[in-house]
Amino acid sequence: MAALFIASLVLTLALVHKPFGDYMYRVYTGDRHTPPERLVYRLIGVRPGTEQRWGAYARSLLAFSAVSLLVLYGLQRLQDRLWLSLGLPPVTDHIAWNTAVSFVTNTNWQAYAGESTMGHLVQMAGLAVQNFVSAAVGMAVAIALVRGFARRNTDTIGNFWVDLVRGAVRVLLPIAFVGALVLVAGGLVQNFAAPHELTTLTGGTQSVTGGPVASQEVIKELGTNGGGFYNANSAHPFENGTSWTNWFEILLILVIPFSLPRTFGKMVGQVRQGYAILAVMATIALVSVTLTNVFELGGGATVPQAVGAAMEGKEVRFGVADSATFAAATTLTSTGAVDSFHDSYTPFGGMMTMFNMMLGEVAPGGVGSGLYGMLVLAVITVFVAGLMVGRTPEYLGKKIGSREIKLASMYFLVTPILVLVGTALAMGNEAGLAGLLNGGPHGLSEVLYAFTSASNNNGSAFAGLTVNTPWYDVALGLCMLLGRFLPIIFVLGLAGSLARQTPVPESAGTLPTHRPQFVGMVVGVTVILVALTFLPALALGPIAEGLLS
Amino acid sequence: MERMPGWIRQHLAAVRAVVVLTVLLGLAYPLAVTGVAQVLLGDRADGSLIERNGRPVGSAAIGQSFTDAHGDPVGRYFQSRPSAGGYDPLASGASNLGPEDVVDTLPVPGAKDAEGGPDEGRRSLLTQVCARSKAVGELEGVSGARPYCTADGVGAVLKVFPAVGTPTRAVSVNQACPAAPFVAVYRGVRVECGRPGEDYSAGRTVPVRGGAGTPAVPADAVTASGSGLDPHISVAYAELQAPRVARERGIPVDKVKALIDEYTTGRALGFMGEPAVNVLRLNLALDEE
């Protein structure tokens with residue numbers, strides 16, 4: 001059953017990625033602005049025809065994100081004075097900061113419990129809006145980088161406002177609208193009701209909640225966001241009601257990241273280059289999904305052995321295997337939605353979810369961020385290959401000189417620094433240690449997971465860790481902010497310097513970047529760089545736990 | 001506008017962009033989805049509420065507990081899975097306890113906890129599983145034995161001292177004195193019972209599998225779900241409960257089993273998820289018999 005479930009997802013993605021990737025290619029390269037879009041540009045006050053250099057593109061992006069941050073913070077702090085607050089008080093300052101950062105950076109880390117913290121207005125006009133636009137920002141950056149490879153002798157890499165609006169309106173919105181209705185058919189709620197109390201069969205009371213859940217759930221998955229309407233996230237029956245909505249939500253998570261390589265291939269004029277990138281992503285993803293299934297179904301730890309299956313924290317309708325597939329999909333992308341709770345996974349199953357994020361979320365990664373992350377790794381790979389044979393490295397006709405490799409290296413170094421320094425600080429201070437639920441190696445895993453998840457903008461958690469404390473809210477907020485925007489700046493800088501170049505003609509000494517050999521090299525570089533960086537930390541956490549039992 | 005410095009223009013554009021996109025994606029979009037969903041699928045969009053005698057008694061999607069005022073199972077109803085949040089939709093979530101959470105903190109008699117109530121200690125995930133298994137076994141009249149569990153329903157775990165080398169002392173940490181340890185001797189050392197309040201953290205943790213074979217109580221009956229609101233139980237757990245429910249209601253077991261079949265959702269398309277029995281629907285159907 002597990003194999004069929006995975007195979008059906010692979011098959012569907014194989015069928016969909018081509019037309020959908022081609023559609024996104026037309027969205028981002030077309031010249032025509034639809035009348036509603038022209039109205040939006042007029043309201044925003046930008047001229048859609050003008051092109052931006054990388055610096056202006058980056059400043060527009062940062063300004064938009066900064067304003068988003070302030071608005072989302074304000075909405076949460078003032079929710080008691082606005083409509084549809086359900087009588088909830090303002091969100092505490094540190095949780096509001098953490099949540100605002102988390103949604104603007106596409107992390108969607110949940111320091112809050114949705115049903116008891118956020119009113120309907122904050123959910124739909126605050127959180128869900130960022131679900132759309134933070135995803136559109138990620139795609140915009142990826143497209144800008146691809147333009148850097150595709151263009152020649154130019155200063156400009158596109159117009160941020162156009163990329164943002166088109167991504168949100170032409171790509172995300174139509175799928176979200178249809179997808180939301182599909183999810184309602186699967187039992188997700190979509191209303192504006194406050195919790196209403198009823199008397200159960202045995203005379204107890206229960207408050208059944210409402211809210212615009214389906215419309216938020218669909219974009220939460222499609223935009224690889226992951227912040228749940230409810231505390232239980234996609235394990236909640238109102239967020240993920242049946243075994244087939246579970247399948248559908250996994251498909252939503254994967255569809256854009258796996259289709260963007262096609263868009264990339266079309267934009268650089270060589271579809272096979274897109275397939276090479278897709279092959280790297282698919283190889284890593286398949287191995288990871290399979291291993292996570294094997295470890296969870298194996299149930300290798302004391303409690304799962306006592307139980308007879310790793311069922312703690314999992315729902316009956318999904319079962320162990322499909323929960324494991326969801327867990328792999330959500331951590332391989334930057335989603336972080338969960339349909340089962342990773343903290344209670346077997347040591348090695350839990351390690352896989354962490355390892356997936358440590359890969360830098362490139363297989364296939366978040367919407368946009370996966371593609372630009374993978375392209376940076378491809379740049380590093382041609383550099384490593386160039387060193388081996390003593391030639392100046394080039395990728396897609398662009399020379400990878402010292403400026404390019406510096407930007408790529410800085411991109412790569414940001415997250416390991418944030419993860420390892422953050423974890424070290426947490427383990428070395430009382431406020432950090434106070435949050436641990438579990439003792440021993442599992443406690444370290446909880447903290448390592450938290451910083452890995454925040455710095456990579458994933459947002460899933462070993463949720464036993466109490467993170468709604470000022471220390472964790474601020475520390476993880478900073479990791480999310482730096483882990484999102486520093487890499488984006490480096491990527492846009494890289495795009496700018498690539499776009500300026502005149503392509504060098506292919507020669508006999510050029511490393512072909514569309515062959516299996518190159519695919520293998522990129523997979524190797526991805527896995528080896530991660531292994532070298534994080535293995536010591538993993539050895540003290542999940543590996544120690546798994547071997548001690 | 002055009003004469004303003006670029007950096008101010010940029011921020012104005014950003015403010016306006018956030019406002020415009022909020023109206024479009026944060027108001028128009030969810031309202032449109034709500035409108036269409038309410039017209040086409042109003043019942044589900046409102047939470048699949050089930051009414052009896054004109055009064056809502058629950059949601060088909062949300063689990064509830066079928067216990068009496070004391071928290072004891074009501075015999076004529078099928079029981080739901082354990083829940084980390086007591087089936088309160090305002091507190092959804094999981095236990096988040098790890099797979100190697102096997103050592104309890106025993107309650108110290110007479111001591112007070114942080115709120116001034118009697119000290120309750122802390123039960124590990126393993127002990128919770130063992131205790132549930134024992135309780136379900138007693139309720140259904142089957143053996144509640146499981147691997148790594150003692151006969152008195154706690155985790156079968158030793159702390160062995162010193163942590164490295166030949167043992168000189170072994171303690172069954174989850175069994176409070178004066179309980180008889182589940183095993184008398186460990187590698188030549190007599191096993192002691194656990195003394196509440198004593199710090200055993202320096203010892204090596206040794207879970208003991210014991211001789212129990214495949215448990216009679218299914219996995220979902222002894223574990224808390226992810227949501228804390230799981231509306232389903234496995235077919236195996238439903239079948240385990242069928243004789244007791246039939247006895248309490250004075251109806252034939254076959255009748256109960258037929259109803260289980262009726263309220264079992266199979267795997268979607270034959271391969272997605274696991275077969276699951278909707279507990280609330282099943283119990284309502286039984287009440288109507």
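Analyst: With a relative accessibility of 31%, B:Leu27 counts as partly exposed, the scale being buried under 20% relative accessible area, exposed over 50% and partly exposed in between (1.4 Å probe, protein chains only). What is shown is a predicted model, in which local features need pLDDT of at least 70 and side-chain atom pairs count only at pLDDT 80 or more, while totals for chains, interfaces and linings use all residues, and side-chain values use heavy atoms, without hydrogens or water. Residues are numbered from 1 along each chain as its sequence is written, and chains are lettered from A and ligands numbered from 1 in the order in which they are written.

B:Leu27 belongs to helix α1 (residues 6–45) of chain B, where helices (H or I, at least four residues) and strands (E, at least two) are DSSP runs numbered from the N terminus. Together with B:Val15, B:Val19, B:Val23 and B:Leu31, B:Leu27 makes up a nonpolar patch on the surface; patch members have over 30% relative accessible area and no salt bridge, with like charges joined within 9 Å and nonpolar side chains (Val, Leu, Ile, Met, Phe, Trp, Tyr) within 5 Å.

The C-alpha atom of B:Phe182, which is 10 residues away along the chain, is separated from that of B:Ser172 by 7.6 Å. The loop between β3 (157–161) and β4 of chain B holds B:Pro162, and the peptide bond that leads from B:Phe161 to B:Pro162 is cis, with omega near -10°.

Chain B also has an open sheet of 3 strands in the order β8-β10-β9, with antiparallel pairing. Its edge strands, each pairing on one side only, are β8 (232–233) and β9 (264–265) of chain B. Strand β10 (residues 276–278) of chain B pairs with β8(B) in the antiparallel sense over 2 bridges, two strands being paired if DSSP finds at least two bridges between them. Within β10(B), B:Val277 stands opposite B:Ile233, and helix α5 (residues 279–288) of chain B packs on the sheet, touching β8 and β10 of chain B.

A backbone feature of chain B concerns B:Asn96, which has a positive phi of about 60° although it is not a glycine. B:Asn96 sits in the loop between β2 (55–59) and α2 (125–140) of chain B and is buried, its relative accessible area being 8%. In chain A, A:Asn457 likewise has a positive phi of about 60° without being a glycine; its place is the loop between α17 (440–455) and α18 (470–499) of chain A, and at 6% relative accessible area A:Asn457 is buried.

Turning to charged pairs, a search of the whole structure finds 23 salt bridges over all chains, each being a side-chain nitrogen of Lys or Arg within 4 Å of a carboxyl oxygen of Asp or Glu. One of them joins A:Asp22 to A:Arg262, with the closest N and O atoms 2.8 Å apart. Because A:Asp22 lies in helix α1 (residues 2–29) of chain A and A:Arg262 in helix α9 (residues 243–267) of chain A, the pair ties together parts that are 240 residues apart in sequence. Both A:Asp22 and A:Arg262 are buried.

A:Asp155 and A:Arg53 also meet through their side chains in a salt bridge, at 3.7 Å from N to O. Since A:Asp155 lies in the loop between α6 (120–150) and β2 (156–158) of chain A, and A:Arg53 in strand β1 (residues 52–53) of chain A, this pair ties together parts 102 residues apart in sequence. A:Asp155 is partly exposed at 35% relative accessibility, whereas A:Arg53 is exposed, with a relative accessible area of 52%.

A further salt bridge links A:Asp163 with A:Arg147, whose closest N and O atoms are 2.8 Å apart. A:Asp163 lies in helix α7 (residues 160–185) of chain A and A:Arg147 in helix α6 of chain A, so the pair ties together parts 16 residues apart in sequence; A:Asp163 and A:Arg147 are buried. Salt bridges that share partners also join A:Glu217, A:Lys220, A:Glu221 and A:Glu239 into one network.

Helix α8 (residues 213–222) of chain A is largely enclosed by the rest of the structure, because 10 of its 10 residues are buried, among them A:Glu217, A:Lys220 and A:Glu221. After α8(A) comes A:Thr224, whose phi is positive, near 45°.

Note on methods: Areas by Shrake-Rupley, 256 points an atom, 1.4 Å probe, with all protein chains shown as cover. Contact = heavy atoms within 4.5 Å. Axes fitted to C-alpha atoms, helices over the stretch in contact; angles between N-to-C directions.
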